[in-house]
Amino acid sequence: MEAGTYLLECYVKTGGVFHSYNPDPDVYGMVHEFKVTDEASGASEPIATVQVDISSTNGIQIEGEMVSGAQTVAVRFSDQIVHENFVGHDIQVVRISDELNLGDLQEWMDWTRAAGLQTPAPAQFLGGLNEMPAGSTGYFNVILEPGRYALISEVPNTASKGLFKEFVVQ
Ligand SMILES: [Cu+2]
């Protein structure tokens, strides 16, 4: 992280209210401001087990194999654009069950829909990384069991943009 002021927030909705909204101190308010100082952490950059590239032109590309157990995923944002829902592309890991309707999942990722990002989620999300500027690389950790998964962005029309990438863990 670079020095500066940041916000940690949860923008999932319940009953149409974003969790970050805080009209009443006892309700939601999943937003927290914090500062990053100039003091160096001394930590080295994580060592990735899988590389992922994400862009508006080539979608999500996985380099390497997603295997069971702990993974450190490096995500390179080759570009960044503003999508129809006014945000850039991010990346999330979701587990796909046999009952899941993929169209419902893809629509759920668009916050501008009334039912978009509304609890309960249609599937289990395991982690990911928020949108980053073009040229950035970020990391996240995830523990995978054998099964069917996808990497997906929180933008509309993920399938046609290549921003919905299924994979199977053996
Ligand atoms: Cu929340």
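Visitor: How do β8 and β11 pair, parallel or antiparallel?
Guide: In this predicted model, β8 and β11 pair in the antiparallel sense, over four bridges. Strands here are DSSP runs (E, at least two residues), numbered from the N terminus, and two strands pair if DSSP finds at least two bridges between them.

Visitor: Before we go on, what are the ground rules?
Guide: Residues are numbered from 1 along each chain as its sequence is written. As the model is predicted, local features need pLDDT of at least 70 and side-chain atom pairs count only at pLDDT 80 or more, while totals for chains, interfaces and linings use all residues.

Visitor: Thanks! Which residue stands opposite Val-94?
Guide: That is Ala-150 in β11.

Visitor: Is Ala-150 buried or exposed?
Guide: Ala-150 counts as buried because it has 20 C-beta neighbours inside 10 Å. The cut-offs are 20 or more other C-beta atoms within 10 Å for buried, 12 or fewer for exposed, and partly exposed in between, with C-beta atoms placed from the backbone.

Visitor: And what does Ala-150 touch?
Guide: Leaving out residues up to four places away in sequence, Ala-150 touches Val-94, Ile-96, Phe-164, Lys-165 and Glu-166. A contact means C-beta atoms, placed from the backbone, within 7 Å.

Visitor: Back to the sheet: what is the strand order?
Guide: Four strands form an open sheet in the order β9-β8-β11-β12, with antiparallel pairing. β9 (124–129) and β12 (164–169) are at the edges with a single partner strand each, so one side of each has no neighbour in the sheet.

Visitor: Now the core. Which residues touch the most other members of the largest nonpolar core?
Guide: Val-52, Val-75, Ile-91, Leu-151 and Ile-152 do, out of 22 residues in that core. Such a core is a set of buried Ala, Val, Leu, Ile, Met, Phe, Trp, Tyr and Cys residues joined through C-beta atoms within 7 Å. β5 (50–55), β7 (69–77), β8 (91–95) and β11 (147–152) are the elements giving two or more residues to this core.

Visitor: What about Leu-151, which residues does that one touch?
Guide: Setting aside residues up to four places away in sequence, Leu-151 touches Val-52, Ile-60, Ile-91, Val-93 and Lys-165.

Visitor: Zooming out, what domains does the chain have?
Guide: The domain assignment gives domain 1 (4–36) and domain 2 (50–169); bounds like these come from an automatic or database assignment. Their centres, taken over C-alpha atoms, are separated by 22 Å. Four residues from domain 1 and four residues from domain 2 make the contact.

Notes
Contact = placed C-beta atoms within 7 Å.
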